[in-house]
Amino acid sequence: MTAQILDGKATAAAIKTELAARVEALRARGIQPGLGTLLVGDDVGSQKYVAGKHRDCAQVGIASIQRELPGTASQEDIEAVVRELNEDPACTGYIVQLPLPRGIDTNRVLELMDPAKDADGLHPTNLGRLVLNERAPLPCTPNGIVELLRRHKVEIDGADVAVVGRGITVGRSIGLLLTRRSENATVTLCHTGTRDLGEHLRRADIVVAAAGAAHLVRPEHIKPGAAVLDVGVSRDPVTGKIAGDVHPDVAQVAGWLSPNPGGVGPMTRAMLLANVVEAAERAAGADRVG
Ligand SMILES: Nc1nc(=O)c2c([nH]1)NC[C@@H]1CN(c3ccc(C(=O)N[C@@H](CCC(=O)O)C(=O)O)cc3)C=[N+]21
């Protein structure tokens, strides 16, 4: 038996179709959602990601606002663009593409963003709201993972989840989503200081591998039938090829496996669009109340 595929590409396409209908409804009321991106420097990978986000926007009817600064931009230059995007009514949500160049205080830039326009769901205010169970844009990758599991009817309620990696964008925030009453999972956060990673992985019904360590999660770590999500991206030091955190042979043991690429990545992008649409809907609702 090989694992069933958690098909992020197809699921993201379905979500985009749903979002297109919501955008259409907003536009019928005279509201045009717009996603802004701020890209600093000329990293080819970052340029590619940002271009992909604008392509996604075009597909669902969201307008694009593209801002770019050279890699030599100062803290003040970057903050000036953030202030502009905060003020721009055409921009209903935006992201500052990470990483920012060396020497830039990233947290100071992110804190300057209007939390109501935070399409990544990673603004400190919004992470705080998540802790407090208040409505807020949700972090895109964790939200994409939950949505991918839901739409494949993988049982989350009561599941033991092992998360590998304590990065801000995935590891540290996904437990906040999965332990809400609506998801009801039990979550263990593993990291490089975890004494016996295998012990935690072997008891997990769901494994989220987000460490950025090539093929760290191996078939002998996986409980037969478990759902495994491969979030990591790293370069194999030997072959130079891009590798996920999950060894390919895990497919022989797992019940569900998200491919990489084609799994969590497209879901992250779909959830970014969802945050933009929701922010525009929220703003429209606030308008109505006056
Ligand atoms: N403010 C900010 N927000 C981000 O969300 C953010 C960021 N900065 N910096 C960089 C990382 C990386 N990231 C990816 C999202 C989707 C794919 C994705 O869809 N990948 C395709 C691969 C296809 C391709 O390479 O185009 C897949 O997994 O199938 C990849 C990478 C978001 N990031």
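I'll start with what covers helix α3: the elements over its buried residues include β2 (34-40), β3 (63-69), β4 (93-96) and α4 (106-112). Keep in mind that this is a predicted model.

The buried residues of α3 are Gln-75, Ile-78, Glu-79, Val-81, Val-82, Leu-85 and Asn-86. They span an arc of only 155 degrees around the axis, which places them on the same side of α3. A length check on α3, residues 75-87: at 1.5 Å a residue, its 13 residues should span 18 Å, and the end C-alpha atoms are 19 Å apart, which agrees.

Next, the sheet. In what order do the six strands of the open sheet run? The order is β1-β11-β8-β7-β5-β6, with parallel pairing. At the edges are β1 (4-5) and β6 (186-190), each of which pairs on one side only. Further in, β5 (residues 160-164) and β7 (residues 206-209) pair in the parallel sense over four bridges, and Ala-162 stands opposite Val-207 in β7.

Two helices to mention here. Helix α6 (residues 140-151) packs on the sheet and touches β7 and β8 (227-230), with its direction at about 145 degrees to that of β8. Helix α7 (residues 171-178) also packs on the sheet, touching β5, β6 and β7, and its direction makes about 175 degrees with that of β6.

Last, the charged pairs. The structure holds 13 salt bridges. In one of them, the side chains of Arg-22 and Glu-278 meet at 3.3 Å, N to O. Arg-22 is in helix α1 (residues 8-28) and Glu-278 in helix α9 (residues 264-289), so this pair ties together parts 256 residues apart in sequence. Arg-22 also meets Glu-281 in a salt bridge, at 2.8 Å, N to O. That pair again links α9 to α1, here 259 residues apart. Arg-22 is partly exposed at 29% relative accessible area, Glu-278 is partly exposed at 26%, and Glu-281 is partly exposed at 27%.

Arg-150 lies in α6 and Glu-183 in the loop between α7 and β6, 33 residues apart. Both belong to a network of salt bridges that links Glu-18, Glu-147, Arg-150, Arg-151, Arg-180 and Glu-183.

Definitions and conventions: Residues are numbered from 1 along each chain as its sequence is written. This is a predicted model: local features need pLDDT of at least 70, side-chain atom pairs count only at pLDDT 80 or more; totals for chains, interfaces and linings use all residues. Side-chain values use heavy atoms; hydrogens and water are left out. The expected span of a helix is 1.5 Å times one less than its number of residues. Buried means under 20% relative accessible area, exposed over 50%, partly exposed in between (1.4 Å probe, protein chains only). The arc is that of the directions from the helix axis to the C-beta atoms. Contact means heavy atoms within 4.5 Å. Two strands pair if DSSP finds at least two bridges between them. Axes are lines fitted to C-alpha atoms, for helices over the stretch in contact, and angles run from 0 to 180 degrees between N-to-C directions. A salt bridge is a side-chain nitrogen of Lys or Arg within 4 Å of a carboxyl oxygen of Asp or Glu.
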